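The paragraphs that follow walk through the structure shown here, moving from contacts within a chain to the way the chains meet. Please keep the sequence and the model in view while reading.

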There are 2 protein chains.
Amino acid sequence: VPSLIRRLFGRGSRPRPSAPHVHPRSEAIAVARVELAELAPPSKVYLGQLAYLTLVLFENLSRAVTLAPTTQAKTSLSRATAEVLEAHEALIRELEDSGADPVVAMEPFRAELDDFRRRTQGADYPETLVTCYLTGGFLTDFFAGLAAGLPKALGERVSTVLDIDAGQDALVAELRTAIDASARLASRLAMWGRRLVGDTMLVARSSLVIGGRLPGEERIEPVFTELISAHTRRMDALGLTA
Amino acid sequence: VPSLIRRLFGRGSRPRPSAPHVHPRSEAIAVARVELAELAPPSKVYLGQLAYLTLVLFENLSRAVTLAPTTQAKTSLSRATAEVLEAHEALIRELEDSGADPVVAMEPFRAELDDFRRRTQGADYPETLVTCYLTGGFLTDFFAGLAAGLPKALGERVSTVLDIDAGQDALVAELRTAIDASARLASRLAMWGRRLVGDTMLVARSSLVIGGRLPGEERIEPVFTELISAHTRRMDALGLTA
């Protein structure tokens, strides 16, 4: 599942002097995957939660499309939205193929994820872009890691589903333009990013609990250490302090 | 291009006693098509406007997904959103294949269509559903008719692109449930539908003007007569008075 960060960081054309060396997603996931494999919830729980989460990522991206001030931004963000919808539909099909009712499988996650969306949607266009970029990146990494704990064939299919760009290029391009133009905006978005990571970690953590186990902190800690490192690199890529 | 109304009205399972016989979309379009063929703007103008319009239809549908109160409604409306995005992307590819810059081709239509979207987005979930249903139906009919005036091969490809359901089934199902439960809501939505058709006709009419000609009323009248008949049938399908 390397394409997201590879596409994001693999472009040599616009290096930022202050940005540290960034690792491809595969590295972060490789570590997290080992830790996460045994924490994965049952397949139906996993698929139901991830299917509803892709709806939330879709809602955030479509909000960004509506708020976008240029035709260029609208059409490139709409491409990202289509990718997330394709992932949602693939997960719905996985649920159907397993004999589950997709709506029933998603329902238990609606209240928490809707609440997460409302708290994290952002007050304006730049904040919404940061939300799409950071929560989308964090939670896609997290669920890609968890997929290692699913039955093998299903885990591989889900990894392919999650191998999406989700507009990271477009999000970073839009954000860099805005941040480079305003130190005040940079400061506000850095604060917003710090708040987002807290809310996002709560969502990730609750999905481990919903799996029926309550893993101890010593199990969860290494997972989040890796995911937070990836989060910090995303902030660095924007020139923001995590 | 029959599927939209065929799918909408072709289901015999829930007949409404008060609803008149409704015609398949192909009939309305067949008449409008004859009238519209000679009014079609140049291909690039047509494609640019329709590409931006599909973004607007997408924004309305994605707003409905966000406002939807149930998981079932969210996931079925998200399917409709994906269809509209596929149409948008197909139109972007048509522009690219013709050597045009899609963003440059869409740009002239942004201000008017953004304004149209803001005026017609609706104050709440039911109004937004009505907007998606009525403006999506009217403008898809209109552009499907205009496509007859494009170069033959392009016109056929565009007709295929516009042969989308755009969530009409899901929209009608959601609206019927809400309307059947509240006479007061029915009255409010009937008024909303009447206002929408005015704003929607203005958008359609301006696209004829932008084509470089200013066709006389006698040319435009028969076209709109057909499109308004289709609009009335959509209102009837909801049990609302047009």
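In this predicted model, A:R157 forms a salt bridge with A:E94, and the closest N and O atoms of the two residues are 2.5 Å apart. Because A:R157 lies in helix α8 (residues 152–161) of chain A while A:E94 belongs to helix α4 of chain A, the pair ties together parts that are 63 residues apart in sequence. Side chains of opposite charge can pair when their charged atoms come close, and over all chains the count comes to 28 salt bridges.

Aromatic side chains also group together: A:Y46, A:F138, A:F142, A:F143 and A:F224 form one aromatic cluster, and over all chains the structure holds nine aromatic pairs.

Turning to the arrangement of the two chains, a rotation of 180° with 0.0 Å of shift along its axis superposes chain A on chain B, with an RMSD of 0.0 Å. The two copies are thus related as by a two-fold rotation axis. Of the interface residues of chain A, 100% are also interface residues in chain B, so the copies meet through the same surface.

How many residues of each chain take part in the contact between chain A and chain B? There are 27 residues of chain A in contact with 27 residues of chain B, and the area buried between the two chains is about 2,200 Å², with carbon and sulfur atoms giving 58% of that area.

Charged and polar pairs also span this interface. Between chain A and chain B the count is four salt bridges; one of the salt bridges joins the side chains of B:E89 and A:R79, at 3.0 Å from N to O. Across the same interface, 14 residue pairs are found in polar contact, with both residues at pLDDT 80 or more.

Which helices of chain A supply at least two residues each to the side that touches chain B? They are α3 (43–67), α4 (71–97), α5 (102–106) and α6 (110–120), and of the elements in chain A it is α4(A) that gives the most to this side, with 12 residues. By residue class, the side of chain A that touches chain B divides into 10 nonpolar, nine polar and eight charged residues.

Notes. Residues are numbered from 1 along each chain as its sequence is written. Chains are lettered from A and ligands numbered from 1 in the order in which they are written. This is a predicted model: local features need pLDDT of at least 70, side-chain atom pairs count only at pLDDT 80 or more; totals for chains, interfaces and linings use all residues. Side-chain values use heavy atoms; hydrogens and water are left out. Contact means heavy atoms within 4.5 Å. Buried area is the accessible area (1.4 Å probe) that two parts lose on being put together, summed over both. A polar contact is a pair of N or O atoms within 3.5 Å; within protein, one must be able to donate a hydrogen and the other to accept it, and residues adjacent in sequence count only if both atoms are side-chain atoms. Helices (H or I, at least four residues) and strands (E, at least two) are DSSP runs, numbered from the N terminus. Ala, Val, Leu, Ile, Met, Phe, Trp, Tyr, Cys and Pro count as nonpolar, Asp, Glu, Lys and Arg as charged, and the others, Gly among them, as polar. Rings of Phe, Tyr and Trp (its six-membered ring) pair if their centres lie within 6.5 Å; planes under 30 degrees apart count as stacked, over 60 as edge-to-face and the rest as tilted. Copies are superposed by least squares on the C-alpha atoms of residues with pLDDT of at least 70 in both.
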